[in-house]
Amino acid sequence: MSNTETRPAEMRCGGETEADRPAEVEILTARDVPLGGPRAMQVRRTLPQRARSLIGAWCFADHYGPDDVAGTGGMNVPPHPHTGLQTVSWLFSGEIEHRDSLGSHAYVRPGELNLMTGGHGIAHSEVSTPDTTILHGVQLWVALPDEHRGTEKDFQHYVPHPVTLNGGEARVFLGALAGDTSPVRTFTPLLGAELTVSPGARLVLDVDPAFEHGVLVDTGDVLVEDTPVERAALAYTAPGRTCLTLTNRGTAPARLILLGGPPFGEEIIMWWNFIGRSHDEIVQAREDWMKGSRFGEVRGYDGAPLPAPGLPNAPLKPRGRAR
């Protein structure tokens, strides 16, 4: 998904030291963000924000729905650009048609991963299909490390099989968890999984102690360790844990998204749909998009590409994570 805000704020990210990391669970509350025009689709954004900008290389997390598309209009995002990142699309319900400048024409469906790499530059469109009645899912971005951020555009599709856990189920779409490993290629070690926790269950997961983790709650009355986490909020845990305990206090299954990775040791600038390292790099990416070079053409979308918003008056500067 594009960041289609008409007045996007600069999103700043960077590394931090072990001494800066909290020992306990940190709760990141979501903020509502409208995407698009007069029938804007509302999303709940937990990354980036002032308290924390990255979890591993995960740098952007939007949670949306369940939306009745008869009232909201669904998703219709015209061709738009990306640089320096990978987009991770994951649905709970509905269907989205994806087209990109690599020539990919695919569908995002519940339980199926679409991962697009926009290193040097890619463009794509996203449109919910006519048969979609309820649209519900997450859109995630992964920052590419400096040595790979100019890589060629790419697209991968993967359908993880469900893994039975003691107290729930996992679908591992990136990385490894509970004995299952995704074959999808990434440029830093990552973990991404949908978890279902049974009613009243306490789920204990073995995790990599080198990773920091984030647990995004979609549904359920959930504790991460002993900390309550409201729906649409994200619970952060620092590196050092060898296991992660998730408890569902409710009478219905809880659904979570688990993210993880080693702390990302680079400073980056996020603005609109671009990730770079300098103000000039962002300016050049915007100029290239507006003049129709570098990103390629998305064929098959009925409409004009999305214009880039104006840059802020102040220079964009890379910063470390907000404390």
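**Strands, edges and buried side chains**

Modeller: Let's start with an open sheet of 4 strands, ordered 19-24-21-22 and paired antiparallel. Strands here, like helices, are DSSP runs numbered from the N terminus (helices H or I, at least four residues; strands E, at least two). This is a predicted model, where local features need pLDDT of at least 70 and side-chain atom pairs count only at pLDDT 80 or more, while totals for chains, interfaces and linings use all residues. Residues are numbered from 1 along each chain as its sequence is written, and side-chain values use heavy atoms, with hydrogens and water left out.

Biologist: What makes strand 19 and strand 22 stand at the edges?

Modeller: Strand 19 (202-206) and strand 22 (227-229) each have a single partner strand, so one side of each is left without a neighbour in the sheet. From one strand to the next, the twist averages 30°. That angle is taken between N-to-C directions, on a scale from 0 to 180 degrees, with axes as lines fitted to C-alpha atoms (for helices, over the stretch in contact).

Biologist: How do you know that strand 21 and strand 24 pair?

Modeller: Two strands pair if DSSP finds at least two bridges between them. Strand 21 (residues 222-224) and strand 24 (residues 243-248) have 3, in the antiparallel sense, so they qualify. Leu 223 sits opposite Thr 247 of strand 24.

Biologist: And what makes strand 26 and strand 27 a hairpin?

Modeller: Strand 26 also pairs antiparallel with strand 27 (residues 274-276), over 3 bridges, and 2 residues lie between the two strands. Trp 272, in the turn, has a positive phi of about 50°. Across the pair, Met 270 faces Ile 275. Ile 268 and Met 270 point one way from strand 26, Ile 269 and Trp 271 the other way, and all are buried.

Biologist: Why is Leu 234 called buried?

Modeller: Buried means under 20% relative accessible area, exposed over 50%, partly exposed in between (1.4 Å probe, protein chains only). Leu 234 has 0%, so it's buried. This residue of strand 23 (residues 234-237) has contacts (heavy atoms within 4.5 Å) that include Glu 26, Ile 55 and Val 229.

Biologist: What is the nearest side chain of opposite charge to Asp 180?

Modeller: Arg 171, 9.3 Å away. Lys and Arg count as positive, Asp and Glu as negative; His and the chain ends aren't counted. A salt bridge needs a side-chain nitrogen of Lys or Arg within 4 Å of a carboxyl oxygen of Asp or Glu, so Asp 180, though buried, has none.

Note on methods: Lists of a residue's contacts leave out its neighbours within four places in sequence.
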